[in-house]
Amino acid sequence: MDNVFESIKKGLQEAVDYSEGKKVRVRVFHPEPVNVKSIRHGTRLTQDEFAAAFGISVATLRHWERGDRKPNGPALVLLNLVKKAPETVLQVLNS
């Protein structure tokens, strides 16, 4: 159990050091921007189906598709996954 706490403590310290601009050996992932409408079309789902499948409100999906707003955080990560492997993501979510 001590190893788990030490690992968590080390990770938190690395995060703090990174946020303060110190050199640390961490991997930072920056998801690339996506074209939500293109991704949805690739799945061949309607707006209602896509929103329901991925837990997104239809209103939010429409804003993303129009470009009024941009997805960020976990939604952007999910959309990047759907872009790369739509069948796999849908299969995992439906199992």
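Trainee: Which side chains meet in salt bridges, and are they buried or exposed?

Mentor: Keep in mind that this is a predicted model. A search of the whole structure turns up five salt bridges. As background, side chains of opposite charge can pair when their charged atoms come close.

Start with R40 and E65. Their closest N and O atoms are 2.4 Å apart. This pair links distant parts of the chain: R40 sits in helix 2 (residues 36–43) and E65 in helix 4 (residues 58–66), 25 residues apart. R40 has a relative accessible area of 10%, so it is buried. E65 is buried too, at 17%. The cut-off for buried is under 20%.

Next, take R66 and D68. Their closest N and O atoms lie 2.8 Å apart. R66 counts as exposed, because its relative accessibility is 53%. D68 is partly exposed, at 48%. Salt bridges with shared partners also join D17, E20 and K22 into one network.

D17 counts as buried, because its relative accessibility is 16%. K22 is partly exposed, with a relative accessible area of 47%.

Now look at helix 1. This helix has 18 residues and reaches 26 Å from first C-alpha to last, close to the 26 Å expected. G21 follows helix 1 and has a positive phi, near 85°. L12 lies in helix 1, which covers residues 2–19. L12 is exposed, with a relative accessible area of 55%. Together with V4, F5 and I8, L12 makes a nonpolar surface patch of about 400 Å².

Step back to the whole chain. There are six helices and zero strands. The radius of gyration is 18 Å, well over the 12 Å that the globule rule gives for 95 residues, so the chain is more spread out than a compact globule. Its C-alpha trace spans about 50 × 30 × 20 Å along the principal axes. Buried residues make up 23% of the 95 residues. R40 and E65 are among the buried ones. Among contacts between residues at least 6 apart in sequence, 49% join residues at least 24 apart. The accessible surface comes to about 7400 Å², and carbon and sulfur atoms account for 54% of this surface.

Definitions and conventions:
Residues are numbered from 1 along each chain as its sequence is written. This is a predicted model: local features need pLDDT of at least 70, side-chain atom pairs count only at pLDDT 80 or more; totals for chains, interfaces and linings use all residues. Side-chain values use heavy atoms; hydrogens and water are left out. Patches are made of residues with over 30% relative accessible area and no salt bridge: like charges are joined within 9 Å, nonpolar side chains (Val, Leu, Ile, Met, Phe, Trp, Tyr) within 5 Å. Accessible areas come from the Shrake-Rupley method with a 1.4 Å probe; for residues, only the protein chains shown count as cover. A salt bridge is a side-chain nitrogen of Lys or Arg within 4 Å of a carboxyl oxygen of Asp or Glu. Helices (H or I, at least four residues) and strands (E, at least two) are DSSP runs, numbered from the N terminus. Buried means under 20% relative accessible area, exposed over 50%, partly exposed in between (1.4 Å probe, protein chains only). The radius of gyration is taken over C-alpha atoms; the globule rule is 2.2 Å times the number of residues to the power 0.38. Contact means heavy atoms within 4.5 Å. The expected span of a helix is 1.5 Å times one less than its number of residues.
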